[in-house]
Amino acid sequence: MPSPDSRKVVLVGTGMVGMSYAYALLNQNACDKLVLIDINHKRAIGEAMDLNHGLAFSGSHMKIYAGDYTDCKDADIVAICAGVAQKPGETRLDLLSRNAEVFSSIIEPVLSSGFHGIFLVATNPVDIMTHITHTLSGFPASRVIGTGTALDTARLRYLLGDYFQVDPRNMHAYVVGEHGDSEFVPWSQAMLATRPILDLCEQLPSCSYSQMQSIEEEVRGAAYKIIEAKNATYYGIGMAMVRITKAIFGDENCVLTVSAMLQGEYGLSGTYLGLPCILSRNGVREILTLPLSEKELSKLEKSFQALMDLYSSLSLTPPKTRNLPNGKN
């Protein structure tokens with residue numbers, strides 16, 4: 001079992017998302033050891049070399065190298081970014097059939113190494129891919145985490161901060177649900193500091209609910225615009241992954257909107273969905289339940305059902321929970 005202060009990450013997939021994550025890990029000194037795995041091992045070697053050549057400028061003492069699945073044995077986090085890229089005009093859910101096959105070739109060798117850390121999944125459609133990882137690994141749901149709507153929430157707060165001319169860190173609002181077309185903003189829970197945004201829109205002539213809805217639409221369509229312009233998104237999600245990684249390694253018990261398994265929250269159970277969660281060294285400590293309005297709860301149920309139906313169509317074998325060291329089940 002890795003020591004509590006161990007910070008080893010194994011990254012599977014050295015494409016643009018994976019390497020944006022790796023580059024941000026290096027610049028933020030977010031781990032001590034980073035192992036790169038890719039089906040193209042030569043590429044992984046080259047990426048490791050390139051990162052290592054920048055160590056002298058980073059202030060970091062990270063050990064970075066290209067490895068194989070045996071390196072997962074004592075890893076704290078296995079981050080999966082492998083998969084085929086999203087095509088222009090293609091929804092995240094359209095990626096499912098292509099990426100499900102990729103994951104079946106990854107999870108088994110990771111498990112064979114003796115890995116018992118935390119899976120962090122970024123491959124789209126991320127909620128379903130995280131659920132697939134949970135099923136194939138048999139790990140406790142708390143130890144299998146997807147990036148969920150963490151980036152969408154960051155996009156929302158950026159746009160709200162720009163609209164209200166306030167530091168985005170003082171905008172407290174979330175994007176929840178599927179990381180995709182059915183995601184939504186529960187505006188009843190959105191605040192500028194401690195002031196509800198809906199109240200502000202009633203008080204300020206320059207603010208209206210329709211403008212907030214326009215911001216929500218901009219957040220929902222952001223990835224499509226970026227893909228149309230540059231074929232892929234990677235910087236933002238790479239940084240979101242580092243934020244999740246730091247929350248785990250720092251045992252921060254902070255709140256991030258990651259993809260987690262619903263187990264009765266909101267009266268829903270059985271699939272992964274992006275929701276505000278408390279993250280600790282052991283993964284998802286708790287899913288926070290927001291006091292949603294009836295309309296918002298209906299949207300959440302719709303998003304949940306869409307993902308549940310899609311996952312059910314895969315006919316995967318239900319997970320058998322593995323007993324992990326130190327009783328971490």
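1. The model is a predicted one.

2. Start with helix H2, residues 41-52. Glutamate 47 and arginine 43 both sit in this helix, four residues apart, or about one turn. They form a salt bridge, with 3.6 Å between the closest N and O atoms. The cut-off for such a pair is 4 Å. Arginine 43 has a relative accessible area of 36%, so it is partly exposed.

3. Arginine 281 forms a salt bridge with aspartate 76, and the closest N and O atoms are 3.0 Å apart. Which parts does this pair tie together? Arginine 281 lies in the loop between strand S11 (269-280) and strand S12 (283-287). Aspartate 76 lies in the loop between strand S3 (63-66) and strand S4 (77-80). The two parts are 205 residues apart in sequence, so the pair ties them together across that separation. Arginine 281 is buried because its relative accessible area is 16%. Aspartate 76 is buried too, at 9%.

4. Helix H8 holds another pair. Glutamate 216 and arginine 220 both lie there, four residues apart, which is about one turn of the helix. Their closest N and O atoms are 2.8 Å apart, and the two form a salt bridge. Glutamate 216 has 8% relative accessibility and therefore counts as buried. Arginine 220, with a relative accessible area of 16%, is buried as well.

5. Now the cysteines. How many disulfides does the structure hold? It holds one. Cysteine 201 and cysteine 207 form it, with their sulfur atoms 2.2 Å apart. Both cysteine 201 and cysteine 207 are buried.

6. Cysteine 72 is in no disulfide. Its nearest cysteine sulfur belongs to cysteine 81 and is 13 Å away. The cut-off for a disulfide is 2.5 Å. Cysteine 72 has 0% relative accessibility, so it counts as buried.

7. Cysteine 254 counts as buried because its relative accessibility is 14%.

8. Helix H6 passes a length check. It has 15 residues, 150-164. At 1.5 Å a residue it should span 21 Å, where the expected span takes one less than the number of residues. The end C-alpha atoms are 21 Å apart, so the model agrees with the expectation.

9. Which residues of H6 are buried? They are Ala150, Leu151, Asp152, Thr153, Arg155, Leu156, Leu159, Leu160, Gly161 and Phe164. Their cover includes three helices: H7 (197-203), H8 (209-230) and H9 (235-249). Strands S7 (171-172), S8 (191-192) and S10 (254-263) are also among the covering elements. After H6 comes glutamine 165, with a positive phi near 55°.

Terms used:
Residues are numbered from 1 along each chain as its sequence is written. This is a predicted model: local features need pLDDT of at least 70, side-chain atom pairs count only at pLDDT 80 or more; totals for chains, interfaces and linings use all residues. Side-chain values use heavy atoms; hydrogens and water are left out. Buried means under 20% relative accessible area, exposed over 50%, partly exposed in between (1.4 Å probe, protein chains only). Contact means heavy atoms within 4.5 Å. A salt bridge is a side-chain nitrogen of Lys or Arg within 4 Å of a carboxyl oxygen of Asp or Glu.
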